[in-house]
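Subject: Structure for your review

Dear colleague,

Please find below the structure that I was asked to pass on to you. My findings follow it, and I would be grateful if you read them with the structure open.

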Amino acid sequence: MAQLSDDCFAFGGPLLSVEAAEALIADRVPPVAGIEQVGLAAALGRVLARDLPAPQPLPPFHNSAVDGYAFRHADLGAAGPTALRLEGRVAAGQAPPPLSPRTAARIFTGAPMPRGADTVLMQEDAALEDGAVLVPAGLRPGANARPAGEDVAQGALALPAGRRLRAPEIGLAAALGCAALAVAPRIRVGVFSTGDELASPGTPLGPAQTHDSNRFTLLALLARLPAEAIDLGILPDDAADCAAALRAAAGGHDLLLTSGGVSTGEEDHVRAAIEQGGRLVFWRLAVKPGRPAALGVIGGTPVLGLPGNPVAAVVTFLHLARPLVLRLAGAAAEPLPRFTAEAAFAYRKKAGRREYVRVRLRPSEGGGAALPVAEKFAREGAGLLTSLTESDAFVELSEEVLAVAPGDAVRVLPFAAMF
């Protein structure tokens, strides 16, 4: 389990920028301790706990990159084609005999090069005549052959600790002969929603209730991270019950996430519950939507209270919960993907806070290398779930930006890479 001190963040300011929040997490939050050995079939999405040096070269031997004819480049004449007598045939998986001078061996992709051979002529470039292959002039030494260790040299760093293991990393480990990998433990993240106005999906609604969506959005976002997400249900609007539930859950989880109850209303109890059970680090982030977000520590476990509005919960999850999960899981930092688009809308904002505008993306009418065009979603409410399902990205407007005009270049965070 995570064990943070109550004063590990020691932040004194009332309003935190996105960069300051992420830097605070990177600097003050240690990864959860522990290492597990898992087989490759169970390694997808886990975090590599130790550097992986290559136990063998990749490829492990000098081999042909194509179907063709292997020979010594030194046997070629200075001008015109050179006839090399055919001697032997080498298929993948076979150990070839040495190659005699001024001969060539028929060879296939992946087959080991005969000792003495260093170059391969592609079969489509070859002409055969009286039991010999005619090699045209101009072929460079080593053409169409892959030396041992061309991809990874033996002993070289193949994968660094902290790397999240995707299909390519697992494939590389397999190619190096590794049947199992040392990974960090999968952290446990407990997820609450808060509020008497919420009912779980599938249950009848009271006269003033709505079905809870945030809990399931957060559980789905966590599913893409190296964490085990645990549904802890809905906290009632009761200060004592909220504080008791957070204290009880803190001991069995590495991180607690809540949504709602972190603003300044009389029925917003999460902030007070964090202060009652531990220490509040901060409770306002300089972003829109998403300013009322609270981070604290209870019993050594970080507790992150996200806003109740669905879009605000997503924005603050990306900038607070995501880096916190990655850090606790021992993963290397992974900046959110961004690219540039052309604005097709006008927009004004205040200085000093970062704003996220939901947009649809379309190709430029000019085509080619022109920037994609960002069209603003028609409505701006932070409670509009359809603004996420019917948009493609956030346009991210920095603290210094005061206005956007059609044609301006804007920074975009695509949903496809985050959701």
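Strand E20, residues 294-298, is largely enclosed by the rest of the structure, because 5 of its 5 residues are buried. Please keep in mind that this is a predicted model. Ala294, Gly296 and Ile298 point one way from E20, while Leu295 and Val297 point the other way, and all are buried.

How many bridges join E20 to strand E21? There are 5 bridges between E20 and E21, which covers residues 301-306, and the two strands run antiparallel. Within this pairing, Ile298 has Thr301 in E21 as its bridge partner. E20 and E21 form a hairpin with 2 residues between the strands, and in that hairpin Gly299 takes a positive phi near 55 degrees. E20 also pairs with strand E18 (residues 279-282): 3 bridges join them, and these strands run antiparallel. Here Arg279 stands opposite Val297 in E20.

Which residues of H2 are buried? They are Glu169, Ile170, Leu172 and Ala173. These residues are on the same side of H2, since the arc they cover around the axis is only 160 degrees. Among the elements that cover the buried residues of H2 are strand E2 (52-53), strand E11 and strand E12 (180-183). The face of H2 turned away from its buried side carries Ala167 and Pro168, which are exposed. Just after H2 comes Gly177, which takes a positive phi of about 90 degrees.

The loop between E11 (157-159) and H2 (167-175) contains Arg166. The side chain of Arg166 makes a polar contact with the side chain of Glu169, at 2.8 Å. Glu169 is one of the buried residues of H2 named above. Arg166 is 134 residues from Val32 in sequence, and the C-alpha atoms of Arg166 and Val32 are 21 Å apart in space.

Arg164 lies in the loop between E11 and H2 as well. Is Arg164 buried or exposed? With a relative accessibility of 17%, Arg164 counts as buried, because the cut-off for buried is under 20%. The side chain of Arg164 reaches the backbone oxygen of Arg224 at 2.8 Å. Leaving aside its neighbours within four places in sequence, Arg164 is in contact with residues including Gly45, Arg46, Val47, Glu169, Arg224 and Glu334.

Thr119 counts as buried because its relative accessibility is 0%. The side chain of Thr119 makes a polar contact with the side chain of Asp118, at 2.8 Å. If neighbours within four places in sequence are set aside, the contacts of Thr119 include Tyr69, Ala70, Phe71, His73, Met113, Leu139 and Arg140.

Finally, I turn to the protein chain as a whole. The protein chain has 7 helices and 28 strands. A compact globule of 419 residues would have a radius of gyration near 22 Å, whereas the protein chain has 30 Å. Along the principal axes, the C-alpha atoms fill a box of roughly 95 × 55 × 45 Å. Of the 419 residues in the protein chain, 46% are buried. Among contacts in the protein chain with a separation of 6 or more, 70% are accounted for by residues 24 or more positions apart. The accessible surface of the protein chain comes to about 18,600 Å², and 54% of that surface belongs to carbon and sulfur atoms.

Yours sincerely,

A colleague

How values were computed. Residues are numbered from 1 along each chain as its sequence is written. This is a predicted model: local features need pLDDT of at least 70, side-chain atom pairs count only at pLDDT 80 or more; totals for chains, interfaces and linings use all residues. Side-chain values use heavy atoms; hydrogens and water are left out. Helices (H or I, at least four residues) and strands (E, at least two) are DSSP runs, numbered from the N terminus. A polar contact is a pair of N or O atoms within 3.5 Å; within protein, one must be able to donate a hydrogen and the other to accept it, and residues adjacent in sequence count only if both atoms are side-chain atoms. Buried means under 20% relative accessible area, exposed over 50%, partly exposed in between (1.4 Å probe, protein chains only). The arc is that of the directions from the helix axis to the C-beta atoms. Contact means heavy atoms within 4.5 Å. Two strands pair if DSSP finds at least two bridges between them. The radius of gyration is taken over C-alpha atoms; the globule rule is 2.2 Å times the number of residues to the power 0.38. Accessible areas come from the Shrake-Rupley method with a 1.4 Å probe; for residues, only the protein chains shown count as cover.
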